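I opened this notebook to record what I looked up in one structure. The entries follow the order in which I consulted the model.

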Amino acid sequence: MESIQTEREDKFDVDAHFELPTLASLVPTDGVLATSETDLISEYFDTAGHDLLRRGITLRRRTGDSDNGWHAKVPAEKARTEIRLPLGSGADDVVPGELADVLRGAVMGGQLSAVATLTTRRTVHSVSDADGSVVAEIADDEVSVVLIGGATGPRWREVEVELGPAGSESFLKKAGKLLRGAGARPSAHPSKLDRALSVVREVPADSGVRLLTDYLDEQVQAIVAGDVYLRRGLDPIHSTRVAIRRYRSTLRVFGSAFEDEAAAHLEAELSWYASLLGEVRDRQVQRARFAAALRELPSEWVLGPVASRIENDLLAEQIRHREAAMAELDGDRYRALLTQLSAWSRGLPIDGEVSDRLLVKLARKAGKKAIDRTKSAVLGTDDEALHRARKASKRARYAAELVAPVVDKKVSKANIKRFKMIQEVLGEHQDAVIAAGILRTLGARAGTTAGENGFTFGLLFERERRAAEAARDEASKLEF
């Protein structure tokens, strides 16, 4: 039976003669520090082109401790999700069908096979609180590698701090400070397999191209992770759409850096996929929004089956659109999109020289455009103008994120904060405008259906109209 868990850990590179510092300061009051040793054997699987690893995903078959089994680790925000299957789910050298299915989009039709076997001599220091719940495990690992075909790979030592059920971000910070004080260094590799295979992407000569490549690859990783989660029946739609927006924004703001035809085609295909997911996300947002609004109305103002009308109609639409999106995951157009994203990760179609200075200039231009559009939009009454200003603010924010490594830290943080604030205020306006339109449609249906009436929908409609006006007023008071 498949199971999942969220994993949050920090990894550190250490020398062979590294001395682990005393961990007593990490133990909570009345807590316990226990130590154990084990030998782990992890056989990793990937395609010949290391498609999984390039997307931050690892797939292994582990034996040696309580974690025995098949593990697929998929990136998530500030953590990783681990999909687990027990041993015996298939032949030792064949990836179980359940895992192969959810990784279809990530491997792009490639064949999964063993690429390396890692043997780890692990000393685990487990920190528990007074109730016996595990706060964290500090693992001191000595790793050796055998590559496919029998060649001997590198050997190294590393330390991992993995949070347990009772762990917290503050513990990670405290443990990290302790380890760095003893000479440990934040790991240069996201996983053991990455280090074992020495997968090093060819670094572009131009630093500007490196900025673009790193930022876009981060978004592709989120898009592919979303593919995996969708195939498992989970809900990564919001994070996937954010990654798509960031990618599309980069193509728009920094368009002069790319070959026109290639960028235009990719932007159009990303827009197509985003619209599929957007139909689902819009219903999710509005269902939650209307449910919250209904809870705030006096019960005597809720006439008829308003909640069921809203929930049933919007949920039915959400399910229909999700099914449509899921059907596309194995379609030719979607596969072609993933193929194009992979090709861009291997090498961006750059048009001419791209410097840091050029990217900063283009980011500033995007910022000016966002502010100009917002100033103009808040003076009028056109809802669409505010929506365009909101989209421009998003692009300005994402551009500021991309160039942050080469901009003064304080300036960068201020820019990102400013455009995020504009985006959020105008986002509330857009949400209210859309909500009002939906309520008008639902109210019309209720008003012509026996046993229902449109009174409550009218109240909710007026509420959204006023929310839109308030957001417009708030936007007019923003300091640019």
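Predicted model: local features only at pLDDT ≥ 70, side-chain atom pairs only at ≥ 80, totals over all residues.

Entry 1, charge over a ring. I took a charge to sit over a ring if NZ of Lys or CZ of Arg is within 6 Å of the ring centre and within 35 degrees of the ring normal. I found that Arg418 lies over the face of Phe419, at 5.7 Å from the ring centre.

Residues are numbered from 1 along each chain as its sequence is written, and side-chain values use heavy atoms, with hydrogens and water left out.

The C-alpha trace spans about 70 × 55 × 50 Å along its principal axes. Of the 480 residues, 47% are buried (buried is under 20% relative accessible area, exposed over 50%, partly exposed in between, with a 1.4 Å probe and protein chains only).

I paired rings of Phe, Tyr and Trp (its six-membered ring) if their centres lie within 6.5 Å, calling planes under 30 degrees apart stacked, over 60 edge-to-face and the rest tilted. By this rule I counted five aromatic pairs. One of them joins Trp272 and Tyr273, tilted, at 6.3 Å centre to centre and 40 degrees between the planes. Both Trp272 and Tyr273 are buried. Tyr273 also pairs with Tyr334: the centres are 4.9 Å apart and the planes stand at 50 degrees, so this pair is tilted. Because Tyr273 lies in helix H8 (residues 260-296) and Tyr334 in helix H10 (residues 332-346), the pair ties together parts 61 residues apart in sequence. Tyr334 counts as buried, at 1% relative accessibility. I also noted a cluster in which ring pairs link Tyr247, Phe258 and Trp344.

I located Thr250 in helix H7 (residues 237-253). Is Thr250 buried or exposed? Its relative accessible area is 2%, so Thr250 is buried. The side chain of Thr250 reaches the backbone oxygen of Arg246 at 2.8 Å.

I placed Phe455 in helix H14 (residues 455-476). Phe455 is partly exposed, with a relative accessible area of 41%.

Methods: Helix = DSSP H or I, 4+ residues; strand = E, 2+ residues; numbered from the N terminus. Polar contact = N/O pair within 3.5 Å; in protein donor to acceptor, adjacent residues only side chain to side chain.
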